[in-house]
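Thank you all for coming.

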Amino acid sequence: MIVLALESSCDDTAAAVLGPSGILADVVWSQDLHARWGGVVPEVASRAHAEQIVPVTRAALAQAGLERPDAVVATSGPGLVGAVLVGLSFAKGLAAGWGVPFLGVNHLEGHLLAPLLETPAPSFPFLGLVVSGGHTTLYLARGLGDYVTLAETVDDAVGEAFDKVARMLGLGYPGGPKVDALAMTGDPRAVKLPRPRPPEGAGPLDMSFSGLKTAVRTSIERTSPTPADVAASFQQAVCDVLLDRVKRAAAETGVQRVALGGGAAANSAIRAAFLASGLEVFLPPRARCTDNAAMIANVGRLRLAAGLASEAGLATTARPRWPVGAP
Ligand code: KG4
Ligand code: ZN
């Protein structure tokens, strides 16, 4: 089965083609026009998707040398609803026109299962840590569509914390890659920062990053450290929290395989920390950590093949919130 997938849930317009032997096309158009506002402006994102969705889709079909796929899938949530609707509606139109099946895909399931596109791929069960701009969740992935949430952030997502720290350092948007680059020349022990524990009432493995962000601000104001030292020390604190939770989850579940996904899994320090952790770690290449359509094609194809079509084909609508694995 050859699947065409579209992704437009935030600020990347993406199309990919996946066949039985792997990815045949993978096109991502990143909207850099949000930098002047310091963050993604939903209306601007939707308009840019509407402009780019046709050329990006055409480019993917041309790259794959394909005229008509066997199925079309698209991200139908969670995400910015106006942005999701652009890719979703266009994908449904294509499926209706070609007379092929359509399936709406959960963006977070895309990140969670993106490591399955690589060789070697993790086999189920594995611990899946999704660290993106809007979500930070640790799952126990027991099988396709069978996910247990072990922990999540009670406030900021990891990518969001990176973006906020980048703003404090005047690095601009998107902040994660800029903090990552700056941290290369900094000392991760130079600025003393907390490793916040979850507040009362949260789960034992839950995470909190807003206190860390506030501590970064206080340190900048009180001791004027170098921006590189701030970046490196902040990254180290994030790594320590993530590794602590994943190691404890591994001990509790007996599952030593860990797969990372989501934009912040592109971070050099996070990647290095997990690779040195002694766990069996699966890391997609950086371009498959940040938003892309190959990961959506992957979930779509797996679900279509397994008869796990959770959305009602062409009646699918955009879902701003959609927990992974929920019908
Ligand atoms: O998964 P993603 O592309 O989109 C969402 O689904 O949210 O994640 C975007 C997030 C942004 O917050 C961005 O700053 C962060 O991932 N990010 C990074 C890096 N590259 C992207 N954070 C830290 N280091 C990076 N190298
Ligand atoms: Zn994402």
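Along the sequence, the residues that donate to the zinc ion (ligand 2) follow the spacing H-x3-H-x179-D. The donors from the protein are His 107 (NE2), His 111 (NE2) and Asp 291 (OD), which lie 2.0 to 2.1 Å from the zinc ion; donors here are N, O and S atoms within 2.8 Å of the metal (3.2 Å for Na, K and Ca), and because water is not among the atoms, sites may look incomplete. His 111 sits in helix α3 while Asp 291 sits in the loop between β10 (280-282) and α9, so this pair ties together parts that are 180 residues apart in sequence. Helices (H or I, at least four residues) and strands (E, at least two) are DSSP runs, numbered from the N terminus. Both His 111 and Asp 291 are buried, where buried means under 20% relative accessible area, exposed means over 50%, and partly exposed is in between, using a 1.4 Å probe and protein chains only.

Before going further, a word of care: this is a predicted model, in which local features need pLDDT of at least 70 and side-chain atom pairs count only at pLDDT 80 or more, while totals for chains, interfaces and linings use all residues. Residues are numbered from 1 along each chain as its sequence is written, chains are lettered from A and ligands numbered from 1 in the order in which they are written, and side-chain values use heavy atoms, with hydrogens and water left out.

Let us turn to charged pairs. The structure holds 12 salt bridges, each being a side-chain nitrogen of Lys or Arg within 4 Å of a carboxyl oxygen of Asp or Glu. One of them joins Glu 109 and Arg 303, at 2.9 Å from N to O, and this pair links helix α3 (residues 107-113) with helix α9 (residues 294-306), its two residues being 194 residues apart. Glu 109 and Arg 303 are both buried.

Another salt bridge brings Lys 213 and Asp 156 together at 3.1 Å, N to O, connecting helix α6 to the loop between β8 (146-152) and α4 across 57 residues; here too, Lys 213 and Asp 156 are buried. Lys 164 and Glu 160 form a salt bridge whose closest N and O atoms are 3.3 Å apart. Why are these two separated by about one helical turn? Lys 164 and Glu 160 are 4 residues apart in helix α4, and therefore about one helical turn lies between them. Salt bridges with shared partners join Asp 156, Glu 160, Lys 164 and Lys 213 into one network.

Now the nonpolar interior. In soluble globular proteins, nonpolar side chains tend to be buried together. A nonpolar core is a set of buried Ala, Val, Leu, Ile, Met, Phe, Trp, Tyr and Cys residues joined through side-chain atoms within 4.5 Å. The largest such core has 48 residues, and Leu 127, Phe 209 and Phe 234 are among those that touch the most other members. Its largest share, 13 residues, comes from α7. Apart from this core lies another, of 27 residues, including Val 3 and Phe 126.

Finally, how many disulfides does a search of the whole structure find? The search finds 0, a disulfide being a pair of cysteine sulfur atoms within 2.5 Å. For Cys 289, the closest cysteine sulfur, in Cys 239, is 14 Å away, which is too far for a bond.
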